[in-house]
Amino acid sequence: MIEGLAVGETLPDLAAGAPVVLSHPAAAPDLAARLLDGLAPAAPAAVLLFASPGTDLPSLAATLRTGLGARVIGCSSAGEFACGGYGNGNVVAVGLPARRFRADAVWLRNLSGLGVSEWMTGLRGLLTRFDAQPRRQRFGLLLIDGLSRQEELVAATVDAVAHRLPVLGGSAGDGLRFEETCLVLDGETHRDSAIFALFETDFALEQVIFDHFSPEGGRMVVTAAIPEERLILEINAEPAAEEYARLIGLDPEALNPRVFAENPLLVRMGGQYHVRAIREVTPEGGLTLMSSIETGVLLALGRADDLTHGLEARLRDLGGRPALILAFDCILRRLALEQAGLEPAVARLFADWRIAGFNTYGEQHGGVHVNQTFVGLALMEPDHAA
């Protein structure tokens with residue numbers, strides 16, 4: 001295995017302008033030098049960084065910006081993957097060569113202050129100066145502070161301004177601690193913020209969206225909630241944690257992240273079910289979610305379908321092996337896969353289809369914020385696009 005590449009990964013075809021994917025331990029003393037050496041031959045227009053909590057991302061991003069002259073966009077994670085199995089304690093770098101990509105980005109700051117007008121001004125300015133080129137496609141990348149509780153609003157705002165643009169992304173993580181996240185742009189960092197990056201490429205683009213749950217059992221109704229805190233107080237007029245535990249056949253004391261990963265809540269929107277993942281039980285017996293919730297919403301329990309075969313079938317529909325699938329995979333989906341002993345299957349799948357990205361606190365696509373969903377963007381050579 002070549003140092004810096006994940007198991008199953010091969011050297012990219014630099015002559016063809018393929019993206020470069022590297023993975024190194026975050027604690028490596030020469031981390032920046034390793035990344036510079038691995039990325040420099042690709043002459044990247046942009047570098048994406050996904051790093052374990054505790055990594056000095058601002059310093060690392062600033063060094064790469066200076067050494068490569070590329071836009072450097074990244075965030076902390078709840079886990080990383082680089083064309084192989086799930087990992088922890090690593091930094092994943094994705095270099096997008098300038099010969100096939102163009103990139104720019106803006107900050108969306110003060111999420112708690114709901115600065116929608118300011119966000120829209122910045123987004124419109126970016127789209128205006130980033131004029132479309134013939135025979136090239138554009139896509140957006142959205143990284144959001146995963147503790148902000150504002151993903152729905154940010155995703156909807158971006159969709160309102162760039163509604164014809166495919167936009168995907170993930171909520172920055174902090175392992176399973178839920179204490180502090182970090183976002184960086186060219187060495188700069190801001191709390192309570194999001195980054196929207198705009199890319200142009202001559203690769204063909206195809207979105208790969210997959211979740212593995214379908215509704216099971218009777219309906220539940222949220223009879224008391226605090227939406228701004230993503231908190232359910234009551235389900236079916238009973239304390240939320242007690243009623244949830246009863247419905248899945250467990251004692252409330254047995255509830256933990258792995259149980260939540262295997263028994264999510266589903267809400268129906270636009271004719272489809274979306275996961276509303278549970279983050280924790282509050283001391284008062286409520287349930288804090290990783291997405292918005294309101295009083296009166298009808299819920300269903302999620303039943304897990306096949307965790308990997310459905311995704312593999314979707315990947316085969318691509319019609320060829322991608323140059324890269326940039327992916328955002330929920331930490332709770334990862335926990336469910338690990339609980340089922342499917343890490344080897346995931347590693348093979350991610351290696352075969354060149355999937356790189358990070359485990360998130362939530363995923364964004366099509367202007368919505370979801371949980372326990374694999375959200376990916378496949379970069380295909382035009383003659384192999386489905």
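This is a stop-by-stop tour of a predicted model.

Local features are described at pLDDT of at least 70 and side-chain atom pairs at pLDDT 80 or more, while totals for chains, interfaces and linings use all residues. Residues are numbered from 1 along each chain as its sequence is written, and side-chain values use heavy atoms, with hydrogens and water left out.

**Whole chain**

Along the principal axes, the C-alpha atoms fill a box of roughly 60 × 45 × 45 Å.

Colour by burial. Of the 386 residues, 56% are buried (under 20% relative accessible area, 1.4 Å probe, protein chains only). Contact means heavy atoms within 4.5 Å. Among contacts between residues at least 6 apart in sequence, 80% join residues at least 24 apart.

**The cores**

Select Leu48, Ile73, Val94, Leu143, Phe199, Phe328 and Leu379. In the largest nonpolar core, of 37 residues, these touch the most other members. Such a core is a set of buried Ala, Val, Leu, Ile, Met, Phe, Trp, Tyr and Cys residues joined through side-chain atoms within 4.5 Å. A second, separate core has 22 residues, including Met220, Ile232, Phe260 and Val267.

Centre on Phe199. Beyond its neighbours within four places in sequence, its contacts include Ala46, Leu48, Ile73, Leu96, Phe130 and Leu141. Arg102, Gln137 and Arg138 are also among them.

**Strand 4**

Go to residues 80-82, strand 4, and pick Glu80. What is the nearest side chain of opposite charge to Glu80? Arg334, 6.1 Å away; Glu80 is buried yet has no salt bridge (a side-chain nitrogen of Lys or Arg within 4 Å of a carboxyl oxygen of Asp or Glu). A polar atom of the Glu80 side chain lies 3.4 Å from the backbone nitrogen of Ser52.

**Helix 8**

Follow Arg334 into helix 8, where Arg334 is buried along with Ile331, Leu332, Arg333, Leu335, Ala336 and Leu337. Seven of the nine residues (331-339) are buried, so this helix is largely enclosed by the rest of the structure. Just after it, Gly341 takes a positive phi of about 70 degrees.

**Helix 5**

Finish at residues 240-248. Buried here are Ala240, Ala241, Glu243, Tyr244, Ala245 and Ile248.

Technical notes:
Buried < 20%, exposed > 50% of the residue type's maximum accessible area, 1.4 Å probe, protein only. Helix = DSSP H or I, 4+ residues; strand = E, 2+ residues; numbered from the N terminus. Lys, Arg positive; Asp, Glu negative; His and termini not counted. Polar contact = N/O pair within 3.5 Å; in protein donor to acceptor, adjacent residues only side chain to side chain.
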